[in-house]
Amino acid sequence: MKTALITGVTGQDGSYLADLLLEKDYTVYGLRRRSSTHNIENIQHLQFDPHVNKNSLKLLYGDLSDSSNLNRLIDKIKPDEIYNLAAQSHVRVSFDVPEYTADVDALGPLRILEAIRESNAATRFYQASTSELYGDVLETPQTEKTPFNPQSPYAIAKHYAFQIVKNYREAYNLYACNGILFNHESPRRGPTFVTRKITVTVARIVKKMQERLYLGNLDAKRDWGYAPEFVEAMWQMLQQEKPEDIVIGTGETHSVREFVEHAFAYVNIAIVWENQGVDEVGIDKKTGKTLVSIDPYYYRPTEVDILLSDPSLAKKKLNWSPKTRFKEIVEIMMKSDLEKV
Ligand code: NAP
Ligand code: G4F
């Protein structure tokens, strides 16, 4: 039986990965940070009380900014696999808290790599790398060979993490790899990321709990996939003979505007767009009511206009390919949020 440690277990990906590894009979440890509220909604369906079920998810307190904690836990557990999914993962917020983002997203992975090296165990390490590294893209579609051009404190911190993983792999012969994941969504997506913000707000508008959806750049395009499928690729990356950095994405790109249109279409509202720039509005075609407006607060100091993956290497090396496509993802999220709201 294998043992895995997941950092960021309370997040979208960490929770799906915990589901997957428990299904595969792993002993799973999840690192959670102390919070004053009970932020375990994504893992609530799992048992984590060892007095009830000894094969449950084992939750441990820790923080990526605390190397003494990471050293102690990793040395004690000596996991076969570590999945580092913890991060200050919001691009817009990274402009507000750049130093904190660098500490957690850049130095956090370094601290884990050092702990692995010190523990002398044959631990395999997965780093949650990101398509944000391509930033102001220098080539489309983006592959493992496309040069990086990051555009935010978040992406620059993740760039350091990408390079330090590669360096430790080469310098110390560690099994360490970067999954370069394009955006992936689900009902467990944090509510301040654009997809979930849209589906929650559309559900609230339908239930007459909110009047309007306020967004920033409607024309940004993303390669949106389905999170439960992406965590399978993470696991597969640690089962290869040799560690390798691999792009995971769908090979399709869609705009925020399209996402909004599909979400409203799910509740039989057709949106028509009027005006331009900050004055643009989305209007209910039937009633004439304004349902979408622009709030410049959501614009970013530097934006990533378009991301589009070429996931051929994932197909070749991992036999992984995306199954759930854009429209279906919108529908899954809308259905879930209509139930939750
Ligand atoms: P998420 O939902 O925001 O989850 C982030 C997790 O990190 C949460 O469990 C959070 O804990 C934890 N965390 C934050 N700061 C921490 C700290 N200082 N110490 C320990 N834990 C901390 O993110 P996600 O969407 O699951 O993404 C997982 C990883 O993949 C992240 O590293 C993200 O940057 C990266 N990524 C995501 C995507 C995507 O589209 N989802 C694409 C590429 C890469 P709390 O619950 O306490 O906040
Ligand atoms: O949903 P987003 O905040 O995701 P973003 O910035 O693409 O980052 C996500 O994906 C990355 C992988 O490429 C991950 F590394 C990262 O951790 C995170 O999971 O924004 C998507 C787009 C942006 O262009 C943004 O400007 O939507 C645009 N947008 C327009 N209005 C908005 C809004 N984004 C947010 N969050 N909120 C808005 O109101």
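Student: Which residue just after H2 takes a positive phi?
Tutor: Lys 78 does, with a phi of about 45°. Keep in mind that this is a predicted model.

Student: OK, on to H2 itself. Which of its residues are buried?
Tutor: H2 covers residues 67-77. Its buried residues are Asn 69, Leu 70, Leu 73, Ile 74 and Ile 77.

Student: How do those residues sit when seen down the axis of H2?
Tutor: They fall within an arc of 115°, so they line one face of the helix.

Student: Why would residues three or four places apart point the same way?
Tutor: An α-helix has 3.6 residues a turn, so residues at that spacing point the same way.

Student: And which exposed residues are on the face turned away from the buried side of H2?
Tutor: Arg 72 and Lys 76.

Student: What does Pro 109 touch?
Tutor: Leave out residues up to four places away in sequence, and Pro 109 touches Asn 84, Val 104, Gln 127 and Ala 161. Ala 161 is 52 residues from Pro 109 along the chain. Their C-alpha atoms are separated by 6.1 Å.

Student: Switching to ligands. How many residues surround ligand 1, and which are the closest?
Tutor: 25 residues surround ligand 1. The closest are Thr 10, Asp 13, Ser 89, Tyr 154 and Lys 158.

Student: Which parts of the chain supply at least two residues of that shell around ligand 1?
Tutor: Helix H1 (12-23), H4, strand E5 (124-130) and helix H5 (153-172) each do. E5 gives the largest share, 3 residues.

Student: How do the shell residues around ligand 1 divide?
Tutor: Into 10 nonpolar, 10 polar and 5 charged.

Student: What lies 2.8 Å from an oxygen atom of ligand 1?
Tutor: A polar side-chain atom of Lys 158. An N or O atom in the side chain of Thr 10 is 2.6 Å from an oxygen atom of ligand 1. Leu 85 uses its backbone: a polar atom there is 3.0 Å from an oxygen atom of the ligand. The protein covers 90% of the 910 Å² of accessible area that ligand 1 has on its own.

Student: Now ligand 2. Which residues come nearest?
Tutor: Thr 130, Ser 131, Tyr 154, Arg 300 and Glu 303, out of 23 residues around ligand 2. The shell divides into 9 nonpolar, 8 polar and 6 charged residues.

Student: How far is the side chain of Arg 300 from an oxygen atom of ligand 2?
Tutor: An N or O atom in that side chain is 2.5 Å from the oxygen. For Tyr 154, a polar side-chain atom lies 2.8 Å from an oxygen atom of ligand 2. For Arg 189, the distance is 3.0 Å, again from a polar side-chain atom to an oxygen atom of the ligand. The protein covers 95% of the 710 Å² of accessible area that ligand 2 has on its own.

Methods. Residues numbered from 1 in each chain as written. Chains lettered and ligands numbered in written order. Predicted model: local features only at pLDDT ≥ 70, side-chain atom pairs only at ≥ 80, totals over all residues. Heavy atoms only, no water. Buried < 20%, exposed > 50% of the residue type's maximum accessible area, 1.4 Å probe, protein only. Helix = DSSP H or I, 4+ residues; strand = E, 2+ residues; numbered from the N terminus. Arc of directions from axis to C-beta. Near = heavy atom within 4 Å. Polar contact = N/O pair within 3.5 Å; in protein donor to acceptor, adjacent residues only side chain to side chain. Areas by Shrake-Rupley, 256 points an atom, 1.4 Å probe, with all protein chains shown as cover. Nonpolar A, V, L, I, M, F, W, Y, C, P; charged D, E, K, R; others polar. Contact = heavy atoms within 4.5 Å.
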